[in-house]
Amino acid sequence: NRIMKWWMNLSASDHFCYAIISLNVGIFLLWRIPRLQMAMEKFFISSTSKKSTLPLVLSGFSHIEPWHLSLNMLALWSFAPAFLYCLGCANSSNWAWCYYLSAGSFASMLGYYVKAATGSFQGSLGAVSYK
């Protein structure tokens, strides 16, 4: 009951941040489970060789190094209130979710173009090349 009251008193940007941080940390921890490696590679590594577009979105939630995850989440926490205010959704994070997912997908697509232009076809998760 106390947790529900605490959650209800948070701002929209706090809700957004806690949700994104929880997803990122959860996926970071899933990468540490050896039995899940094949599934994680299938769904959370963006690669031009994959037929599915799901990794375009999901790779934005993947981090291999703790420092990378920490810095990204610190940056998110610091700019989220201003970001939601600029989007005009200080009371609701729906547009922030759309923007966050679209930006991750766009970054993956841009990565595809860069890889095609340079001839490098390594997979990537978030901003990190993999294998």
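Colleague: In what order do the elements of the protein chain run from the N terminus on?

Modeller: This is a predicted model, so local features need pLDDT of at least 70 and side-chain atom pairs count only at pLDDT 80 or more, while totals for chains, interfaces and linings use all residues. Residues are numbered from 1 along each chain as its sequence is written, and side-chain values use heavy atoms, with hydrogens and water left out. Helices (H or I, at least four residues) and strands (E, at least two) are DSSP runs, numbered from the N terminus. The protein chain has 6 helices and 2 strands, and the order is α-α-α-α-α-α-β-β.

Colleague: What share of the residues in the protein chain is buried?

Modeller: Buried means under 20% relative accessible area, exposed means over 50%, and partly exposed is in between (1.4 Å probe, protein chains only). Out of 131 residues in the protein chain, the buried share is 31%.

Colleague: How far apart are the end C-alpha atoms of helix α2?

Modeller: Helix α2 covers residues 12–30, which is 19 residues. The expected span is 1.5 Å times one less than the number of residues. That gives 27 Å for α2, and the end C-alpha atoms agree, being apart by 27 Å.

Colleague: Within what arc do the buried residues of α2 fall?

Modeller: Among the buried residues of α2 are Phe16, Cys17, Ile20 and Asn24. An α-helix has 3.6 residues a turn, so residues three or four places apart point the same way. Take the directions from the helix axis to the C-beta atoms: the buried residues of α2 line one face of the helix, because seen down its axis they fall within an arc of 135°.

Colleague: How many disulfides does a search of the whole structure find?

Modeller: A disulfide is a covalent bond between the sulfur atoms of two cysteines. The test here is a pair of cysteine sulfur atoms within 2.5 Å. Searching the whole structure, the number found is 0.

Colleague: Is His68 buried or exposed?

Modeller: His68 sits in helix α5 (residues 66–87). Its relative accessibility is 8%, so His68 counts as buried.

Colleague: What separation do the C-alpha atoms of His68 and Ala107 have?

Modeller: Along the chain, His68 and Ala107 are 39 residues apart.
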